[in-house]
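This report considers a helix and a set of charged pairs. The sequence and structure are shown first.

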Amino acid sequence: MTKARVAVSMEGIVKRFPGVIANDRVDLELLEGEIHTLLGENGAGKSTLMNVLTGIYRADEGTLAVRGTPVQLRTPKDAIDLGIGMVHQSFKLVQTHTVTENIVLGLGRGLAPVKLSEAEEKVRELSERYGLQVDPGARIWQLSIGEQQRVEILKILFRGARILLLDEPTAVLTPQEADELFVTLKAMRAKGHAIVFISHKLDEVMAISDRITVLRGGKNVGTVRTRDTDPQDLSNLMVGREIRFERFPGEEVRGDEILEVVELSASNDRGLEALKEISFTVSAGEILGFAGVAGNGQEELAEVITGLRTPTDGSIRLKGRDMTGASPKQVIDAGVSYVPADRHGVATVGDLSLTHNSVLRRYREKKFARGPFLHLAAAVDYARRLIKEFNIMTPGEGTAVRTLSGGNLQKVILAREITTHHELLVVMSATRGLDVGATEYVRETLDEHRKKGAAIVLISEDLEELLSLSDRIAVLFHGEVMGILDAEGADIETLGLMMAGRKLAEAS
Amino acid sequence: MPMRLELRLERSRKLEYLVPVVSVALALLVCGVLLLATGTNPVSAYAEMFTEAFGTSYGFAEVLVKATPLILCGLGVMLAFKMLFWNIGAEGQLHMGAWAATAVVMTGWDGSAWLMIPAMMFAAAVGGGLWALIPAYLKVKLNCNEIITTLLMNYVAILWVAHFIYGPWKDPVSFGFPMTRQFPDGAQLMRFGDSRVHLGLLFALVAAIVLYLVQEKSRWGFEIGVTGGNPAAARYAGMNAGRNMILVMLMSGGLAGLAGMAEVSGIQLKLLKDISPHAAPYGYTAIIIAWLARRNPWGVVLVSLLMGGLYVGGETVQITMKLPVNIVLIIQALILFFVLGGDILSRYRLVYRRGVSHSPPSGGTPSAPPRGDGEVLGGG
Ligand SMILES: Nc1ncnc2c1ncn2[C@@H]1O[C@H](COP(=O)(O)OP(=O)(O)OP(=O)(O)O)[C@@H](O)[C@H]1O
Ligand SMILES: [Mg+2]
């Protein structure tokens with residue numbers, strides 16, 4: 001094997017934000033033909049470092065060289081010209097345009113239009129070469145999240161990228177889709193591309209990467225070869241302490257029935273049936289997990305329970321009270337907390353401060369009200385408490401949450417919802433994007449909560465999480481419940497079959 | 001060297017307030033060039049405008065007179081903008097307020113001011129509010145674009161007023177002028193001293209205080225801020241965005257309506273055609289004010305005073321230097337032009353394109369707004 005060439009070398013990169021040093025003299029070297037993982041806790045500076053490499057942020061200090069030549073990046077366009085492309089966690093695709101149109105968007109020079117038919121041919125060729133299956137003529141809204149991600153990857157490959165940065169690409173993928181992505185990544189590696197991969201899932205990291213760089217508090221605390229390390233070492237490097245993995249529910253603490261859903265049906269945004277006659281109950285002191293491949297009705301289920309979507313049929317009862325078709329406010333008042341999947345789009349207001357976001361759903365409570373006024377001092381105290389208890393990394397409660405790292409934003413939402421007094425907690429993808437330490441903390445908190453008698457609906461695509469936390473697991477497929485089984489001793493194979501559409505009776 | 005725009009990461013507070021100031025300066029500069037081209041010395045014109053407006057007690061009283069409707073309309077527009085409801089219908093709402101206040105007088109009632117003024121204020125607020133309610137309702141129920149509906153309704157309101165002053169309410173002894181007869185004493189707003197400054201100024205200042213409390217301190221104001229910031233989050237938080245939009249527009253239109261009442265009852269003492277200056281109508285100037293004031297009630301008061309000065313100064317140089325009154329409109333338009341441009345520049349930066357330079361980075365500031373995790377170039 002010839003010695004790999006250096007694709008990128010970053011030296012002494014410093015990036016400061018008001019009150020934080022996101023990157024503190026970071027060195028990073030990427031080789032051609034390697035998959036290099038960036039690992040680190042929430043807020044460790046991974047996304048920031050990648051944004052520096054794509055010209056979105058400008059480093060305050062440090063130097064950057066691409067294939068041995070020192071460069072200065074001012075915009076993403078400069079980066080693309082040098083063959084650097086990034087896939088961000090939330091995609092920027094025009095929903096009503098086709099795949100090809102999205103890929104060539106912004107390309108044509110001057111008035112010369114891009115030839116769509118030629119482009120489509122090239123897209124098809126690229127998608128075959130890298131195993132990125134997607135129909136070039138399909139419109140974005142028709143595609144699953146996984147397919148949309150492929151479009152994003154194709155988009156940067158189309159622009160000739162040889163250095164690809166993927167920020168938590170698997171956080172939004174189903175396990176199957178993630179496996180397909182890995183095949184693509186390996187194909188790219190074989191063609192000599194340099195790939196940066198960010199993920200909090202250690203097993204993935206171990207399986208796919210050649211080298212791993214760990215960031216902690218903005219500093220590079222070590223770059224290691226994957227074959228010379230193991231998950232435990234990595235956790236220690238990342239957090240500086242050991243992390244345990246276990247199954248939580250121990251003793252039975254089940255109490256009264258809290259939520260009763262009977263033959264509930266609902267449509268999705270396009271008016272198609274998304275939930276079909278779903279029935280289940282959740283008791284106090286119980287976590288009911290909902291497994292299933294994304295897009296099988298999970299989001300609609302959460303929305304119907306929380307009043308954000310009106311059911312077309314069936315009923316919902318909370319502690320015996322009929323809540324079918326109640327407004328979001330009535331549902332909040334009845335004591336239902338909700339952690340939605342979409343942090344930026346639904347759960348927070350980016351331009352408002354952490355203080356304001358921490359009372360987003362609680363500002364009507366006596367505690368935060370002074371007559372018609374908002375009791376700001378109480379809100380500030382509350383926000384400070386959340387920051388402390390949940391170890392949220394931010395310069396202060398006054399900062400706009402837009403500037404928080406993905407994981408820290410998730411902590412804000414979870415903290416707010418968990419600390420709100422509630423009868424029922426509905427959580428979607430609780431630990432998505434959280435680092436190991438935070439994940440452990442959230443799981444412990446949910447479990448503690450359960451022990452104190454909370455009823456929890458936990459919707460997740462992460463089977464490991466469901467198995468470690470839930471008392472019972474329901475499987476959703478095409479809007480139907482395939483069956484509900486005890487999590488204790490549940491076998492993954494059965495769950496897998498159910499997720500693929502077998503009823504429990506047939507699957508086991 | 002070709003130039004290009006680059007998104008900025010941190011939106012700086014300083015720029016936020018620097019942009020309006022620089023915009024005003026630039027507008028005066030460009031208008032100065034125009035004046036120069038027409039053979040007028042801009043320095044002396046501006047000096048004259050300024051000293052007349054802010055250097056004489058008569059002039060300043062007139063500034064306050066102009067600022068009164070501007071503050072009221074500006075506050076209303078500001079509140080709607082805060083919720084991202086683009087109400088550009090303050091002009092129409094002002095007209096409907098003036099009409100409704102006049103209707104109270106046209107009943108033939110000739111009572112004491114203690115009763116008549118509150119009744120007229122109430123009628124004006126309701127008139128302006130209901131007028132604003134129509135586009136709000138259309139937006140909530142049918143998702144009609146409010147920019148278009150509010151704008152078009154301005155013309156309807158102006159014609160509505162015209163219909164009455166040319167027709168049923170026309171003063172028979174007005175020698176054919178389209179106007180109502182003069183209001184009875186009880187329907188006239190108290191004036192201060194021998195100036196034309198009237199009680200409406202007090203309404204405007206009280207309204208500014210109330211709006212400050214509502215917008216910055218109240219829970220309802222929080223709802224408006226959240227709805228403006230992220231409508232989906234507002235729904236998630238159990239806020240009723242539709243109801244709030246209706247309420248906001250009732251208030252917004254009500255304030256503009258009050259401005260109309262203050263004009264007819266405090267200044268004109270009758271309903272007539274140009275209750276709002278033809279060259280630069282109050283209701284449209286209010287949009288510029290709300291924008292310049294950064295949606296801040298005190299900002300609205302301050303900017304309204306400046307704009308009032310512009311009106312008074314403009315009238316002065318029209319007389320003393322024979323300049324067209326449209327100079328006011330030109331300066332206003334230039335200000336708006338520069339503020340909007342400046343706002344773009346405060347979110348983007350101008351870069352000279354040299355291709356990818358091959359030198360080590362020299363540091364500097366970042367260039368795009370991130371929104372949490374890896375989201376990029378959100379444009380918002
Ligand atoms: N635009 C910004 N303004 C202010 N602070 C910022 C901004 N972007 C990031 N930060 C801060 O910089 C630090 C690093 O953030 P970054 O997004 O790089 O973390 P991360 O390692 O990607 O974390 P996560 O795993 O949670 O995504 C955090 O403390 C974050 O709050
Ligand atoms: Mg990140």
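Is D447(A) buried or exposed, judged by its relative accessibility? In this predicted model, D447(A) has a relative accessibility of 4% and therefore counts as buried, the limit being under 20%.

## The salt bridge of D447(A) and K451(A)

D447(A) is paired with K451(A) in a salt bridge whose closest N and O atoms are 2.8 Å apart. The two residues belong to helix α15 (residues 436-451) of chain A, and because they are four residues apart there, about one helical turn separates them. An α-helix has 3.6 residues a turn, so residues three or four places apart point the same way.

The accessibility of K451(A) is 37%, and this residue therefore counts as partly exposed. The pair is also part of a network: salt bridges with shared partners join D447(A), R450(A), K451(A) and D471(A).

## Other salt bridges

Over all chains, the structure holds 31 salt bridges. One of them links R25(A) to D24(A), with the closest N and O atoms 3.4 Å apart. R25(A), at 55% relative accessibility, counts as exposed, whereas D24(A), at 14%, counts as buried.

A further salt bridge is formed by E417(A) and R416(A), where the closest N and O atoms are 2.8 Å apart. Both E417(A) and R416(A) are buried.

## Helix α5 of chain B: span and ends

Helix α5 of chain B comprises residues 113-142, 30 residues in total. From its first C-alpha to its last it reaches 42 Å, which is close to the 44 Å expected at 1.5 Å a residue.

After the helix comes N143(B), which has a positive phi near 55 degrees.

## Helix α5 of chain B: buried residues

Which residues of α5(B) are buried? Among them are M116(B), I117(B) and M120(B), together with A123(B) and A124(B). The glycines G127(B), G128(B) and G129(B) are buried as well, as are W131(B), A132(B) and A136(B).

Technical notes. Residues are numbered from 1 along each chain as its sequence is written. Chains are lettered from A and ligands numbered from 1 in the order in which they are written. This is a predicted model: local features need pLDDT of at least 70, side-chain atom pairs count only at pLDDT 80 or more; totals for chains, interfaces and linings use all residues. Side-chain values use heavy atoms; hydrogens and water are left out. The expected span of a helix is 1.5 Å times one less than its number of residues. Buried means under 20% relative accessible area, exposed over 50%, partly exposed in between (1.4 Å probe, protein chains only). A salt bridge is a side-chain nitrogen of Lys or Arg within 4 Å of a carboxyl oxygen of Asp or Glu.
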